[in-house]
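Me: I'd like to learn how to read a structure like this one, feature by feature. Can you walk me through it?

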Amino acid sequence: MPTTPRALPCLLAITGALLTAAAAAQTCEVRSGARPLAVVELYTSEGCSSCPPADRWLSTLKTQDNVLALSFHVNYWNHLGWRDPFATPETTARQYRLKEALGGKYVYTPQVVLNGRDHRSWNGQSASSLIGLPAAAAPALHLRRQGNVVTAQIASAPGTDLAGYWAVLQDGLVSKVTRGENAGEDLRHDHVVSRYQPVPPWSAAQGGSTQLTLPPGATQRVAFVVTNPTLTQPVQALVLQCPT
């Protein structure tokens, strides 16, 4: 009995439905709300013996919807015997840029920066007490991922110029440290900025749009932070995590 001609349309319909479902699964988006997030930047190093408590504190912010936590690993302690595998020249350069903007005499770890300001009273502070960015200065922000491309759409806002940066985040990282100040420790990290990519300034009055291409199959969280033209003072932030 010739069943193939009847089965073929059904097979095509099923295949089309699967392709549509796969395409939908690769698309997700998020929009900023009325209350901007608090932006917490931690500058840390696996070569620094005083950093693990700060790393653990930052991990407590993982479930907080009102906070964007960013762990920037720096490389200037690598000479102490342990090379931090998460430190990059770009994340280190960001701390030096902040030092200049804040008028600091030196860089140090662990350093916590809250909403662009040095925040030395972080130890023991709960996430609920972290104040978000001022709503009046925050332009609306929309993040959308389709496949491996993430697009940030920034609405127009009063002022002259704005800039921003992408941060690709990784959670649940573990290092078995064998040398240096933390020798013998198993260090655990969340919110690690594995990729930091600044975006040049644009006209605030006109708004802006920028894209980031991720490796195929990447599942990490992706954040975009809108800042002043020097990249040192955040004004809006959003993080996107697509379902796996």
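**Reading the features**

Reply: A contact here means heavy atoms within 4.5 Å. Before going on, note that this is a predicted model, where local features need pLDDT of at least 70 and side-chain atom pairs count only at pLDDT 80 or more, while totals for chains, interfaces and linings use all residues. Residues are numbered from 1 along each chain as its sequence is written, and side-chain values use heavy atoms, with hydrogens and water left out.

Me: Where does Thr 92 sit, and is Thr 92 buried or exposed?

Reply: Helices (H or I, at least four residues) and strands (E, at least two) are DSSP runs, numbered from the N terminus. Buried means under 20% relative accessible area, exposed means over 50%, and partly exposed is in between (1.4 Å probe, protein chains only). Thr 92 belongs to helix 3 (residues 89-102) and is buried, at 5% relative accessible area.

Me: How many helices and strands does the chain have, and what percentage of the residues count as buried?

Reply: The chain has 3 helices and 14 strands, and 46% of its 244 residues count as buried. For contacts between residues at least 6 apart in sequence, 73% join residues at least 24 apart.

Me: Which residues of helix 2 are buried, and what covers them?

Reply: In helix 2 (residues 52-59), the buried residues are Pro 52, Ala 54, Asp 55, Trp 57 and Leu 58. Their cover includes strand 2 (38-44), strand 3, strand 4 (111-114) and strand 10 (186-189).

Me: How many disulfides are there, and which residues do they join?

Reply: The rule for a disulfide is a pair of cysteine sulfur atoms within 2.5 Å. That gives a count of 1 disulfide, joining Cys 28 to Cys 242 with an S to S distance of 1.7 Å. Cys 28 lies in strand 1 (residues 27-31) and Cys 242 in the segment after strand 14, so the pair ties together parts that are 214 residues apart in sequence. The torsion about the S-S bond of Cys 28 and Cys 242 is about -55 degrees, so this disulfide is left-handed. Cys 28 is buried at 13% relative accessible area, and Cys 242 is buried at 15%.

Me: What about Cys 48 and Cys 51: buried or exposed?

Reply: Cys 48 counts as buried at 6% relative accessibility, and Cys 51 is buried at 0%.

Me: Now pockets. What is the volume of the largest pocket, and which residues lie nearest its centre?

Reply: Work on a 1 Å grid over the protein atoms alone: a pocket is an open set of points with protein on both sides within 12 Å along at least five of seven lines, and lining residues have an atom within 4 Å of a point. Grid points are joined across faces, edges and corners, and a volume is the space filled by probe spheres set on the points. The largest pocket has a volume of about 320 Å³. Its lining has 22 residues, with Leu 37, Gln 64, Asp 65, Val 67 and Val 239 nearest the centre. Strand 3 (67-73) and strand 14 (234-240) are the elements that give two or more residues to this lining, and strand 14 gives the most, with 5 residues.

Terms used
1 Å grid on protein atoms, 1.4 Å probe; cavity = no way out; pocket = protein on both sides within 12 Å on 5 of 7 lines; lining within 4 Å.
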